[in-house]
Amino acid sequence: MRSLLRVFGRTVERRAFLPGAIVSTGTALVVGVAGGSLIAEQTPAAYAVNGLLFGSLIMGGAVAAFRARENHLLCAILTSGPVMVLAVVVQIIRRFGPGEAVGALGLPLVMLLSASLASLGGVLGAMGRQRRRSLLDPRQTRRRGTSGSG
């Protein structure tokens with residue numbers, strides 16, 4: 001099927017992955033690149049921008065995991081991929097452009113942080129996706145145990 005992708009031997013749905021990636025990457029572009037370049041570092045506004053970026057990564061992972069039928073966490077982590085690419089581009093521009101140099105651990109830390117925040121959103125989205133069933137639910141199928149007489 002065209003709507004499915006194979007990643008690490010697992011099936012990932014495009015309808016789950018793309019909206020989450022759009023949420024996290026779109027917010028990172030607007031808030032992080034546009035807003036972050038206008039704000040001085042270590043000010044309350046800079047902390048608000050970082051909070052919005054963290055929230056967008058969590059929200060993108062949650063959207064992807066909520067929309068996925070299976071492999072919720074993998075869908076969520078993949079939403080941080082475009083943000084990582086954007087972070088690499090911004091760090092390269094900052095490194096070779098005028099201004100402060102970027103620290104050696106800046107890029108790996110940004111990548112780990114974005115993947116971990118997206119996975120947190122994936123856990124939250126998967127928790128919201130679970131359907132809790134009652135013991136008296138008539139639509140629930142009965143399973144026979146593997147042990148016992150048969």
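Mentor: A residue is called buried when its relative accessible area is under 20%, exposed when it is over 50%, and partly exposed in between (1.4 Å probe, protein chains only). The structure above is a predicted model, in which local features need pLDDT of at least 70 and side-chain atom pairs count only at pLDDT 80 or more, while totals for chains, interfaces and linings use all residues. Residues are numbered from 1 along each chain as its sequence is written, and side-chain values use heavy atoms, with hydrogens and water left out.

Trainee: Is alanine 28 buried or exposed?

Mentor: Alanine 28 counts as buried because its relative accessible area is 8%. Alanine 28 sits in helix 1; helices (H or I, at least four residues) and strands (E, at least two) are DSSP runs numbered from the N terminus. Contact is a separate reading, and needs heavy atoms within 4.5 Å. Not counting residues up to four places away in sequence, alanine 28 touches Val33, Leu53, Val83 and Leu86.

Trainee: What is threonine 25 in contact with, leaving aside its neighbours within four places in sequence?

Mentor: Threonine 25 is in contact with Pro82 and Val83 on that count. Threonine 25 also belongs to helix 1 and is buried, at a relative accessible area of 16%.

Trainee: How many helices and strands are there in the protein?

Mentor: The protein has five helices and two strands. Along the sequence they follow the pattern β-β-α-α-α-α-α. Of the 150 residues, 29% are buried. Among contacts with a separation of 6 or more, 68% join residues 24 or more positions apart. Accessible areas come from the Shrake-Rupley method with a 1.4 Å probe, and for residues only the protein chains shown count as cover. The protein exposes about 10400 Å², and carbon and sulfur atoms supply 64% of that area.

Trainee: What should the residues of helix 5 span at 1.5 Å a residue?

Mentor: The expected span of a helix is 1.5 Å times one less than its number of residues. Helix 5 has 24 residues and should span 34 Å; its end C-alpha atoms are 34 Å apart, so the two values agree.

Trainee: Which helices do the buried residues of helix 5 pack against?

Mentor: They pack against helix 2, helix 3 (72-78) and helix 4. The buried residues of helix 5 include Ser114, Ala118, Gly121 and Gly122. Glycine 61 counts as buried because its relative accessibility is 0%. The C-alpha atoms of glycine 61 and leucine 78 are 8.2 Å apart. Isoleucine 77, in helix 3, touches Ala115, Ala118 and Ser119, not counting residues up to four places away in sequence. Isoleucine 77 is partly exposed, at 32% relative accessibility.

Trainee: Why does leucine 107 count as partly exposed?

Mentor: Leucine 107 counts as partly exposed because its relative accessibility is 25%. Leucine 107 is in helix 5, and its C-alpha lies 6.8 Å from that of valine 88, 19 residues away in sequence. Leaving aside neighbours within four places in sequence, leucine 107 is in contact with Ala87, Val88 and Gln91. Glutamine 91, in helix 4, is buried at 14%. Glutamine 91 touches Val102, Leu107 and Val110, not counting residues up to four places away in sequence.

Trainee: How is the space in the largest pocket read?

Mentor: Rolling a probe the size of a water molecule over the atoms shows where empty space is left. On a 1 Å grid over the protein atoms alone, a pocket is an open set of points where a 1.4 Å probe fits, with protein on both sides within 12 Å along at least five of seven lines; lining residues have an atom within 4 Å of a point. Points are joined across faces, edges and corners, and the volume is the space filled by probe spheres set on them. Here the largest pocket holds about 1100 Å³.

Trainee: Which residues lie nearest the centre of the largest pocket?

Mentor: Asn50, Leu53, Gln91, Arg94 and Val110 do, out of 30 lining residues. Helix 1 (14-38), helix 2 (44-67), helix 4 (81-96) and helix 5 (106-129) each supply at least two residues of the lining. Helix 2 gives the largest share, eight residues. By class, the lining has 19 nonpolar, nine polar and two charged residues. Nonpolar covers Ala, Val, Leu, Ile, Met, Phe, Trp, Tyr, Cys and Pro; charged covers Asp, Glu, Lys and Arg; the others, Gly among them, are polar.
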